[in-house]
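I opened my notebook beside the model and jotted down what I looked up, one item at a time.

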Amino acid sequence: MADRSIMLVDDNDINRGILAEIFKDKYNIIEASDGSEAVRLINQERSKLAAILLDVIMPGMDGYAVLESMVSQDNLNEKIPVLMITADTSTEAERTSYEKGAADVIHKPFDPVIVDRRVSKAIELYDHKNNLETKVDDQTRVLKKQFIYLKKQEEKLRYSNEKVIDTIATIIEFRNMESGYHLKRIKGFVRILALTAMNNYPELGLTPHMIEVITQASAMHDVGKISVPDSILLKPGRLTSEEFEVMKSHTTRGCEIIEKLKDIQDKEYYEACLDICRHHHERYDGRGYPDGLKGEENSIGAQLTAIADVYDALVSDRVYKSAYPVDKAYEMIKNGECGVFSPKLLACFEFARPDMEKLVAQTKAAEAAEKNSYSPYGS
């Protein structure tokens, strides 16, 4: 005799006896003579039940009430097939049973072959469905664990990329006689402008992930300056035409450096660094360098870095000039005194101006406090 059971719920002893005779060689038989007893036994034996044959009309708690009780218990009728027993052969009676969650309907008087076949089919169908759900649940748990693992690996790789980028970029800042706050401002300006562009110009195709990549990659825009001689890089006066040509080469020389880091960088970060390094001096009218890209020929990442780089150059002290006030820097960019930029990005620049000026103030205050702490006259 099998370990699984079939429950027969009917207030008529003869009906239960007929049904028990059909299934006695295949299943353990559990009998209930009314709805209340059935509910108690279902809760007690639910893990062993292969099916429930449930009479519709019983005194007190009828079959439909028992079925509704199962539905209320986490849709137990979807785990255990319930076959309603009724003498009513009308379509309305069958519809009511199915609507309330029954798997099938068995009509009185019983035909043993039909009853056996219908119950067997219902059990087979439910077993297949339950096994499939179990497999799906197991696979879901495995996939979830794999997803969590991959996310952790992705976070480690991203952190590694950021450290490589920031370390190299910081070396360049020291080489340029600039503080690390220049790097913080560039990345901050790019992020602020990019978020503004994403929210106002969806056609630019920016996403939060793209913004993260572009922001980190923007730190590598001037890596090529490590190849520029001090006499040109740190010259306080105006550069000659020949010197300016050498200075311009930092875009292409920087790409040569980044290409050497290809094997230790994520492909997406590598490509973004390469693009921004080469093209952050291109201009919207095609009069930039080194490739003379015009309009949207230049990537959004390079365009964002270009305007951020120019703005920071204006509001920062450099060996060849003092910092401009933020109002003056804003006007110079808007008026085209520093090259031509995308009208959309200029609109974003105007909209994001308060946040960018706030970042300038914060970083300059932090920089001043840091210098003061190193001074022998500082507090």
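This is a predicted model: local features need pLDDT of at least 70, side-chain atom pairs count only at pLDDT 80 or more; totals for chains, interfaces and linings use all residues.

**Entry: helices α10 and α11**

I began with α10, residues 250–259, and α11, residues 267–279. Their axes come within 8 Å and cross at roughly 165°. Angles over 145 degrees count as roughly antiparallel, and therefore I wrote α10 and α11 down as roughly antiparallel to each other. I also noted the hand of the crossing, which is right-handed.

Next I asked which residues of α10 and α11 meet. From α10 I listed His 250, Thr 251, Thr 252, Gly 254, Cys 255, Ile 258 and Glu 259. Facing them in α11 are Tyr 270, Cys 273, Leu 274, Cys 277 and Arg 278. I sorted the residues of this contact into six nonpolar, four polar and two charged.

**Entry: helices α13 and α14**

I then turned to α13, residues 326–334, and α14, residues 343–351. Here I found the axes 11 Å apart, with a packing angle of about 165°. α13 and α14 are therefore roughly antiparallel to each other. α13 passes α14 in a left-handed crossing.

The contact uses Tyr 330, Ile 333 and Lys 334 from α13, and Leu 346, Phe 349 and Glu 350 from α14. By class, I have four nonpolar residues, no polar ones and two charged ones in the contact of α13 with α14.

**Entry: the largest pocket**

How many residues line the largest pocket, and which lie nearest its centre? I have 41 in the lining, with Lys 225, Ala 313, Arg 318, Tyr 320 and Lys 321 nearest the centre. The volume of this pocket is about 1,400 Å³.

I also checked where the lining of the largest pocket comes from. Helices α6 (180–200), α8 (230–233), α9 (241–248), α12 (300–315) and α15 (353–374) each supply at least two residues. α12 gives the most, with five residues.

**Entry: a cavity**

I searched the whole structure for cavities of 30 Å³ or more and found one. The largest cavity has a volume of about 80 Å³. Its lining is made of 13 residues, and I marked Glu 282, Arg 283, Tyr 284, Asn 298 and Gln 303 as the closest to its centre. The lining of the largest cavity comes to six nonpolar, four polar and three charged residues.

Where did I find cis peptide bonds? One joins Lys 108 and Pro 109, with omega about -5°. Pro 109 sits in the loop between β5 (104–107) and α5 (112–175). Another joins Tyr 289 and Pro 290, with omega about 10°. I placed Pro 290 in the loop between α11 and α12.

I also looked up the phi of Asp 74, and is that angle positive or negative? The phi of Asp 74 is positive, about 55°, although this residue is not a glycine. I found Asp 74 in the loop between α3 (63–72) and β4 (82–86).

Key
Residues are numbered from 1 along each chain as its sequence is written. Side-chain values use heavy atoms; hydrogens and water are left out. Axes are lines fitted to C-alpha atoms, for helices over the stretch in contact, and angles run from 0 to 180 degrees between N-to-C directions. Helices (H or I, at least four residues) and strands (E, at least two) are DSSP runs, numbered from the N terminus. Angles under 35 degrees count as roughly parallel, over 145 as roughly antiparallel, 65 to 115 as roughly perpendicular and the rest as oblique. A crossing is left-handed if the near helix is turned anticlockwise from the far one by less than a right angle, and right-handed if clockwise. Contact means heavy atoms within 4.5 Å. Ala, Val, Leu, Ile, Met, Phe, Trp, Tyr, Cys and Pro count as nonpolar, Asp, Glu, Lys and Arg as charged, and the others, Gly among them, as polar. On a 1 Å grid over the protein atoms alone, a cavity is a set of points where a 1.4 Å probe fits but cannot get out, and a pocket is an open set with protein on both sides within 12 Å along at least five of seven lines; lining residues have an atom within 4 Å of a point. Grid points are joined across faces, edges and corners, and a volume is the space filled by probe spheres set on the points.
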